[in-house]
Amino acid sequence: MKIVELPLARADLETDIRLFDRDRALDPAKWLRKLRKHEQDVFPEPAFGAWKGALEKAVLEVHRQRPADLLVATCVPYVTLAAAWKLWQEHKVPYAVDFRDGWSVDVVHGGEAFAADSESGVWERRVLEDAISLWVVNDPIAGFYRNRYPHLADRIHVVRNGYDKDSVSSEPRRADPDAGLTFGYIGTVNFPAQQLETVLDAWRAARESDPLIAKSRFEVYGHIGAGPGREANRLMELIRGAAGDGVSFGGPLKKAEVAKAYAHWDALVLILVGGQYVTSGKVYEYMATGLPIVSVHEIDHDATHVLTGHPLWTGARGLDEAQLADAFQSAGRMAVQASDEERAAVRAHAAPFTREDLMTKAVHRLAEQALASRLISVNGPAA
């Protein structure tokens with residue numbers, strides 16, 4: 001495998017004011033509006049649209065050096081679709097779109113993100129019409145796209161996110177009720193401040209009524225904000241304000257450190273936005289740890305379907321403070337009382353979702369599909 005690095009950057013995330021030009025220094029809001037307009041004039045995607053030319057040029061150059069038989073374009077950003085389509089237009093290299101959460105579906109609020117006749121809608125249809133396969137992360141998103149493009153329904157496949165085996169510890173930690181428990185959250189802290197406030201209020205309520213939770217800790221790891229707003233927002237204020245309740249923030253973790261973090265925890269807190277269209281990749285990783293899980297998301301959420309049958313899951317309680325407080329207490333009891341058989345059942349529940357297995361099956365199916373369509377042959381692209 002060869003990785004080709006491109007000199008792509010986002011000027012709006014630069015925090016060194018010595019590098020600001022005069023316009024940005026004098027009126028940063030106006031400067032940002034102008035930048036966003038330019039980006040979307042190139043391709044209808046804010047922040048990344050201006051990358052279109054560089055991505056297209058790079059893909060064509062890679063193909064010139066070593067002709068490709070098949071291409072998989074992964075989103076986001078969605079501007080990568082333009083590069084895949086460019087290679088198809090010029091050299092008829094077949095491609096699949098690994099959409100993950102999709103583009104025209106609003107995964108957080110539900111429904112349509114943009115109209116079919118908008119510039120984004122035209123681009124999406126154009127790219128999907130020529131793609132040989134479309135991958136999405138769950139069945140509700142697949143249903144959305146089959147309804148939006150019924151003539152492409154047989155090209156739409158669910159390829160779930162899954163988890164990496166090396167991201168979880170080999171054996172879950174044994175809880176010590178005398179020392180108290182350690183609950184953990186790991187992931188991007190990108191949910192509304194109100195949702196985090198509800199979590200922390202529920203945590204406090206659980207500590208007030210449960211002696212075990214009262215002497216327990218809640219550790220949060222991950223990215224909070226970006227650019228000048230990194231760790232300088234309401235979410236960070238809430239976490240710091242809960243320090244007296246045993247809540248701490250450890251910042252983002254390197255991938256090699258994730259398994260060690262899981263090995264240090266007794267139970268996990270899964271905080272997610274959205275509803276039926278959202279799964280998240282963390283839910284699979286959380287399952288594979290063999291630890292109890294407290295869910296903090298809407299009841300009608302795809303994570304609910306993934307976790308159903310998990311022996312150490314406290315259930316989908318919605319965003320109700322009292323219900324979540326009870327869930328913290330329930331997870332505490334599970335951490336202390338879980339048998340070896342129950343922990344083994346948790347791992348068995350997660351076993352079908354390793355990323356390696358999911359992607360291997362998807363790639364094999366894609367290769368067979370491309371060969372069957374006669375777009376490629378065992379000797380290279382069809383003429």
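Student: In what order do the strands of the five-stranded open sheet stand?
Tutor: The five strands of this open sheet pair in the parallel sense; strands (E, at least two residues) and helices (H or I, at least four) are DSSP runs numbered from the N terminus, and two strands pair if DSSP finds at least two bridges between them. The model is predicted, with pLDDT of at least 70 needed for local features and 80 or more for side-chain atom pairs, while totals for chains, interfaces and linings use all residues. Residues are numbered from 1 along each chain as its sequence is written, and side-chain values use heavy atoms, leaving out hydrogens and water. The strand order is 7-6-5-8-9.

Student: Which residue of strand 7 is the bridge partner of Glu-219?
Tutor: Strand 6 (residues 217-221) and strand 7 run parallel and are joined by three bridges. Within strand 7, the bridge partner of Glu-219 is Ser-248.

Student: Why is strand 5 described as largely enclosed, and how many of its residues are buried?
Tutor: Buried means under 20% relative accessible area, with over 50% counted as exposed and values in between as partly exposed (1.4 Å probe, protein chains only). In a regular strand the side chains alternate between the two faces of the sheet. Here both faces are covered, with Thr-182, Gly-184 and Ile-186 buried on one side and Phe-183 and Tyr-185 on the other. Strand 5 is largely enclosed by the rest of the structure because the buried count is five of the five residues.

Student: Which residue of strand 8 is the bridge partner of Gly-184?
Tutor: Strand 5 pairs in the parallel sense with strand 6 over five bridges, and Thr-182 has Arg-217 of strand 6 as its bridge partner. Strand 5 also pairs with strand 8, in the parallel sense over two bridges. The strand 8 partner of Gly-184 is Leu-268.

Student: At what angle do helix 7 and helix 13 pack?
Tutor: Two packed helices are described by the angle between their axes and the distance between the axes. Axes are lines fitted to C-alpha atoms, for helices over the stretch in contact, and angles run from 0 to 180 degrees between N-to-C directions. Helix 7 and helix 13 (residues 321-337) have axes 8 Å apart and pack at an angle of about 55°.

Student: Which class does that angle give the pair of helix 7 and helix 13?
Tutor: Angles under 35 degrees count as roughly parallel, over 145 as roughly antiparallel, 65 to 115 as roughly perpendicular, and the rest as oblique. The contact (heavy atoms within 4.5 Å) includes Trp-203 of helix 7 and Phe-328 of helix 13. Helix 7 is therefore, relative to helix 13, oblique.

Student: What is the order of the strands in the four-stranded open sheet?
Tutor: The pairing in this sheet is parallel, and strand 1 (71-74) and strand 4 stand at its edges. Neighbouring strands are turned by 25° against each other on average, direction ignored. The strand order is 1-2-3-4.

Student: At what angle to strand 4 does helix 6 run?
Tutor: Helix 5 lies across strand 2 and strand 3 (133-136), at about 130° to strand 2. Helix 6 (residues 139-148) lies across strand 2, strand 3 and strand 4, and its angle to strand 4 is about 175°.

Student: Is His-157 buried or exposed?
Tutor: His-157 lies in strand 4 (residues 156-158). Not counting residues up to four places away in sequence, His-157 touches several residues, including Trp-135, Arg-146 and Arg-365. Its relative accessibility is 15%, so His-157 counts as buried.

Student: How far apart in space are Ala-362 and Trp-135, C-alpha to C-alpha?
Tutor: Ala-362 lies in helix 15 (residues 355-372) and is buried, with a relative accessible area of 3%. Leaving aside neighbours within four places in sequence, Ala-362 is in contact with Trp-135 and Val-159. Ala-362 and Trp-135 are 227 residues apart in sequence, and their C-alpha to C-alpha distance is 8.8 Å.
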